[in-house]
Every structure is written in C-alpha cells, then in structure tokens.
Amino acid sequence: MGIPTVAVHSTADAEAMHVRLADESVCIGPPAARDSYLNIPALLSAATITGADAIHPGYGFLSENAGFAETVEAHGLTFIGPSPEHIRMMGDKIAAKRAMASLGVPLVPGSDGALPDLATAREVAAGIGYPVLIKAAAGGGGRGMKVAADPSELEDAWRLARAEARAAFGNDAVYIEAYLDRPRHIELQVLADAHGNVVHFGERDCSLQRRHQKLLEEAGSPALNPAARDALGETVTGALARLGYRNAGTLEFLYQDGRFAFIEMNTRLQVEHPVTEMVCGVDLVSEQIRIAAGQELGYRQSDIAFSGHAIECRINAEDPIGFTPTPGRVTTYHAPGGLGVRIDSALYAGCFVPPYYDSLVAKLIVHAPRRADAINRLRRALDEFAVHGIQTTVPLHQRIVDDPEFQAGDYTIHWLENFVAK
Ligand code: MV4
C-alpha cells in the first residue's frame, strides 16, 4: 500500500524478522509481555515519536482490549479494528449471544444470560435436557467450562466452573448451554466498512485443535456445501449491518447434525485468516487498513467468488509428541515453494526463537483447485520444509495428511486429541 511502517518489539525480539524489514522500529520494553507488548503507555509513546497515524493490533496481546482501542482513539490515532463498544460487547459472551439472538443468528439452546444461583441452574438444565455445559461469561480458550452429564453432576460442575472463572478472569458469572457431543468448529469471516456495507468471505473449519490450540485449518469446510455457506453468510451479514459493526470480525459456530449454533465472536483478524485470503483472493489486512481510513469496500457480496480449497498448518516450535515449547536457535532454514504454496513466517537461518511468547513460528498454507490436490501439495511442501536446531510440529502434520479420516474430511473437534493419543 506504500504506507511506511513502524515495528514495535521487546528486547527479546530485537533480532526478529519484522524488526529488520520495517521502515522503522521502536523497542517498547523487556521480554515480559506485560512490560512491552501489553504496555499501553510505551506503545502510545512509540506511535507518537514516530508520527504514526494508526495502530494495527495484530491478533494477540491487546487486539481485543476495548480500553486500548479507546486510548488509541483518545490520542488522536486510528485503531485498525472495530469500535471499543463492539469489542467490549463481544468480550462478554453473554452480551454477544444476546445481541446475535436478537438479530436472528441461531444459538445453542441455553440460559438467557447469567445464572443467579444453583437452583436456577437446575431448572434451566432440566428444561434444556442433559448433558449440559456450564460456561464462564468472561471465558475463552475453554477455561471455566464444565460438562454435567446428568443432574447428579450439576452441583460439582457449577462450583468448579465458577471457581475456575473467578481465578482466570476475576468474574464468576456463568451461563448454561446444551452440550453438543461431536460438533465441528466452523467460523465465518466478515468485513464491514464505516458506511454500512458488510460482506462475508466464507467459512473456515477449525475443528482440528488440541487443548483449544488450533493446529490445522481449512477453507472451505469439508462438511459444508455452497448453499449452507450462503444461508449462514446472509444471516450473519444482515445481523452485523444492523449492529453497525465495523472492520474485520469472525463469528464462531458449532456445527452438528446440519445445524449452526453461534458461540462467540472475535473482533480481530485471526491467525488462520490466510486460508480465507487464498480462496477469495483478498488481502484482509490491507482491507482492514482501507476500512480504518474510512474508504468504502467498493464491492458487493456477489463480487466475492470462492476458488478452490486452502489448508493451513501451524508450525509451532514444540516437540511434536509432548507439545512442550522448544525455543532455541534455528541453524538451517529452507521453506517450500511453488504454485499454491504460501509461507507466513518470521524464521530465517540463524534466528533465535525466544521462550517468552506463543510457540507459533510459521504458517504453511497451500491452495489448489480441489481439496485432494491441496492435500497432495501439502504433503510435498511438508516434506520439503527444513527447520533445524529446534523441534517443530511438522512431523505431526505429516502424519495427519496421511490419515484416511483426515483425507475424507471426516472429523470433529475431538478428532485430533484421539489422533495424538494413538
Ligand atoms: C461448546 C461445546 C459443546 N457444546 N458448547 C470450547 C471453547 C469455547 N470457544 C467453546 N467451546 C465449546 N463449546 C456447547 N454447547 C464444545 C466446545 C469445545 C470446543 C469448541 C470449539 C473448538 C474446540 C473445542 C474443544 C472442546 C470443546
């Protein structure tokens, strides 16, 4: 886009690729994230001294922090993302569900809001039917979530969920839903401009996860057909237009027995956005920047075409069996290439992977006309990928691509946990 860019970094990331490539860089503090990447005064100082117009929050750290978005705007800078009000609303899972339900988006049967006491939880659970799931209003990442298979398990689930929610989020508000036992996790990518135009870019299937860490994502979902995608997209874009939502968002659904149920919304771009970019031919980050600058989308839903199939493998600096992080120095680095192969990575030969942050070090994305071709391309690219000096999840991905159930697209959110236990 020709926009000069400033990278911010902690002392631990001084050698990082993005720091070397940016037009300018500013060190914002020591390795501990709370003193650097979560340090709002340091970030605003970096923006001020470099004369930045806008801040892109990325997808971790402060990207869904309404207070940060507010502070950025209060300093006369543009936050490249939604309004603070919408970030705050979607951060409260109960408020998010209420808003979506009122706009006609389907939900899992459950309590209307937080449960005041155990007696009410019993009544609501009896009405829904067991098994039920108790969830934290401030939740995310599966923390503060407990299943009760029958009424005898409800009291323990209630107490454990509240205690976990209080410890993790400082907020013990919980709600209840019917427990779906074998859903897929399907999410819809949307963009909205500041002029009321909302479009979707189809779905991603993110069911392949372990302990709430996604490992492999696909666009589109092997379980959906174009008619189901169009129907969901129409419901969601209509709802977000009425809500006045702006910039990028992802709505998360559970999909089981041919039905969608909204569970959460992320008010940011996500790690797995490249698979959507590949099948739609759109640069979502540049779209976010154009929207934040007040430009109109300039295209309609009917202009968005879905072409082929894309798969992303998350390459983590982890031992591929026990999943413990393996920071260290990369000695050799060779990335695969060729038609339909994309690598989004900060790795290079000689770089050091610090121990302080998330272990994601590369994304390998393949795109091909059909899913079976994408899988073949993925197998070849994984075999060609050479990262020496640290352990990575490449060998696990090599096993997944050769599995007949994966090849058939026959999996739920529980599939990977069983697969790694084999
Ligand atoms: C559920 C569910 C089954 N039934 N809700 C996990 C984290 C949070 N984002 C929502 N989660 C779930 N909610 C009902 N009513 C199962 C999960 C769940 C899950 C969801 C998406 C991806 C991976 C998951 C792994 C375990 C449980």
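**A close look at the ligand site**

Analyst: Happy to! This is a predicted model, and its chain is divided into domain 1 (1-52), domain 2 (109-178) and domain 3 (184-420). For the ligand, domain 2 and domain 3 are the ones to keep in view: each of them gives at least three residues to the shell around it.

Let's go to the shell itself. It holds 17 residues, and those that come nearest to the ligand are K135, E177, A178, L180 and E264. Sorted by class, the shell has 9 nonpolar, 4 polar and 4 charged residues.

A polar side-chain atom of K135 sits 3.0 Å from a nitrogen atom of the ligand. With A178 the backbone takes part: one of its polar atoms is 2.7 Å from a ligand nitrogen. L180 also uses its backbone, with an N or O atom 2.9 Å from a nitrogen atom of the ligand. The ligand taken alone exposes 530 Å², and the protein buries 90% of that. Two or more shell residues come from each of the elements β5 (132-136), β7 (174-178), β11 (247-256) and β12 (259-266).

β11 and β12 run antiparallel and are joined by 7 bridges; L251, for instance, has M265 in β12 as its bridge partner. Both strands belong to an open sheet of 8 strands with antiparallel pairing, in the order β12-β11-β8-β9-β10-β13-β18-β16. β12 and β16 (341-345) are the edge strands, each pairing on one side only. From one strand to the next, the twist averages 25°.

Most residues other than glycine have a negative phi, and most peptide bonds are trans. N247, however, has a positive phi near 75°, and this residue is in strand β11. The peptide bond from Y130 to P131 is cis, with omega near -5°; P131 lies in the loop between α6 (118-128) and β5. Another cis bond runs from A219 to G220, also with omega near -5°, and G220 is in the loop between β10 (213-219) and α8 (226-243). β10 brings you back to the open sheet, where this strand stands between β9 and β13.

Key:
Residues are numbered from 1 along each chain as its sequence is written. This is a predicted model: local features need pLDDT of at least 70, side-chain atom pairs count only at pLDDT 80 or more; totals for chains, interfaces and linings use all residues. Side-chain values use heavy atoms; hydrogens and water are left out. Domain bounds come from an automatic or database domain assignment. A residue is near a molecule or strand if one of its heavy atoms lies within 4 Å of it. A polar contact is a pair of N or O atoms within 3.5 Å; within protein, one must be able to donate a hydrogen and the other to accept it, and residues adjacent in sequence count only if both atoms are side-chain atoms. Accessible areas come from the Shrake-Rupley method with a 1.4 Å probe; for residues, only the protein chains shown count as cover. Helices (H or I, at least four residues) and strands (E, at least two) are DSSP runs, numbered from the N terminus. Ala, Val, Leu, Ile, Met, Phe, Trp, Tyr, Cys and Pro count as nonpolar, Asp, Glu, Lys and Arg as charged, and the others, Gly among them, as polar. Two strands pair if DSSP finds at least two bridges between them. Axes are lines fitted to C-alpha atoms, for helices over the stretch in contact, and angles run from 0 to 180 degrees between N-to-C directions.
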